[in-house]
Every structure is written in structure tokens, then in C-alpha cells.
Amino acid sequence: MRRTTAGRDRGADGAPSAPGRGLRLVDGEHYSGWEAVYRDNVGWVYSLMFGKVGNRPDAEDLTAEVFSTALKPLRIEASVPEVRAYLRATARTVLAGYWKARMGREITTIDIDIVDDSPQQAPGDGRAEAQARKVLDRLPENYRRILELRFLQGLSVRDAANDLGVSVANAKVLQHRALQLAARLDEGGAR
């Protein structure tokens, strides 16, 4: 790298780099390839997603979305901490899109110290299940049923619609309204 007379850094190709963003040394390990990135980080990304959405199918989908979103822009030459920071930022964006699509609001807080090298199991103390049951019990029958079919039994929208005897479009509307009401009930005192 050389300094130009204008005081800006230029790279090997002669193009100016951004002010204040010269080359820097990065200490730490590097990944050998995408498979190593995935293997090393899939556990904590999945745990994070499961903790935020509370069900395995969505957590698996969101985990896959994080890695597929990061695939193109992420530099393999980056250090392990840089890769994890990028994956954490990507996870925050993916979660924001998930919650905005489902509940009309973004929930994007992710704790910095969430990175763990080993996959975690879902909490087994039953508090989350009890909380979910309290909220479900307060919903009207058709709202409760669509949420049970979709999220507890893991049925597709089409299968849930068939079970309820409604159209797919109606099932989507029911699910959307049920999630909105469940969120309001949960905020309002089902704790």
C-alpha cells in the first residue's frame, strides 16, 4: 500500500480506499472453507434462533436463511471472531424480517455473548410451554386451533386449512390474526 499526494490510501490496483479504512492486520484463526464455517457456527446460530422463535421448524428455516444470506458477502479470509460477528449481524436481520412478517414488529436484540461452540438443547423446565398454553387457552377456538396445528403439530398452512375446513387464504388470515392477538395477550398479563 502506498500513500498518494492527496493523502488517501490506494490499494495494489491503484483505486482509492475509503478514508480511515487502510489495510489492517487481523489476528486469530481463519476458516478453511464454507463447510468449516457452517460446522463451527451452526450450533449457536440454531440455539439463538430456537430461543427467539420457540419452535424447531422455524428455527431450522431461520438458521438456513442466516447461512444462505451470509454465503455471498462473507469473506472466508476473515478471522473467526469477524465471521461470528457477521453471522450474528445477519441473524439479527433475519430475525427482524421474521418477526416483522409474522407480527408486524421487529424484535432484533441479540446478546453479544450468545456465541457458544456447542449446540444447546431446548430448555426443559416447561415454563415456555406453560406460558404458551396460558396464551393459547385465552384465544378464541379457531385462533387457538390454527396455532396448535401450525406450530405445535408442525402442519403446513395447506394441511392446517384442510383440517379446519377453510381455504388456504383463510388459514393464513386466521394465523396472522391469531399471532397478533396472542402477542397482545402475552404482553397484557398472561405472564
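This report describes helix geometry and salt bridges in a predicted model.

**Helix α1.** Helix α1 spans residues 34-53 and carries a kink of about 50° centred on Asn41. Asn41 is itself one of the buried residues of α1, which also include Trp44, Tyr46, Met49 and Phe50. Gly54, with a positive phi near 80°, follows the helix.

**Salt bridges.** The count of salt bridges comes to seven. A network of them links Arg133, Asp137, Glu141, Arg144, Arg145, Glu148 and Asp163.

| Salt bridge | N to O distance |
|---|---|
| Arg133 and Asp137 | 3.6 Å |
| Arg144 and Glu141 | 2.3 Å |
| Arg144 and Glu148 | 2.7 Å |

Arg133 and Asp137 are four residues apart in helix α4 (residues 127-137), about one turn of the helix. Arg144 and Glu141 are three residues apart in helix α5 (residues 141-152), and about one helical turn therefore separates them. Arg144 and Glu148 lie four residues apart in α5, again about one turn. An α-helix has 3.6 residues a turn, so residues three or four places apart point the same way. Arg133 is partly exposed, at a relative accessible area of 34%, whereas Arg144 is buried, at 18%. Glu148 is buried as well.

**Helices α6 and α7.** The axes of α6 (residues 157-164) and α7 (residues 168-187) come within 8 Å and cross at roughly 100°. The two helices are therefore roughly perpendicular to each other. Val157, Arg158, Ala161 and Leu164 of α6 make the contact with Val168, Ala171, Lys172, Leu174 and Gln175 of α7. Of these contact residues, six are nonpolar, one is polar and two are charged.

Conventions. Residues are numbered from 1 along each chain as its sequence is written. This is a predicted model: local features need pLDDT of at least 70, side-chain atom pairs count only at pLDDT 80 or more; totals for chains, interfaces and linings use all residues. Side-chain values use heavy atoms; hydrogens and water are left out. Axes are lines fitted to C-alpha atoms, for helices over the stretch in contact, and angles run from 0 to 180 degrees between N-to-C directions. Angles under 35 degrees count as roughly parallel, over 145 as roughly antiparallel, 65 to 115 as roughly perpendicular and the rest as oblique. Contact means heavy atoms within 4.5 Å. Ala, Val, Leu, Ile, Met, Phe, Trp, Tyr, Cys and Pro count as nonpolar, Asp, Glu, Lys and Arg as charged, and the others, Gly among them, as polar. The bend at a residue is the angle between axes fitted to the seven residues ending there and the seven starting there. Buried means under 20% relative accessible area, exposed over 50%, partly exposed in between (1.4 Å probe, protein chains only). A salt bridge is a side-chain nitrogen of Lys or Arg within 4 Å of a carboxyl oxygen of Asp or Glu.
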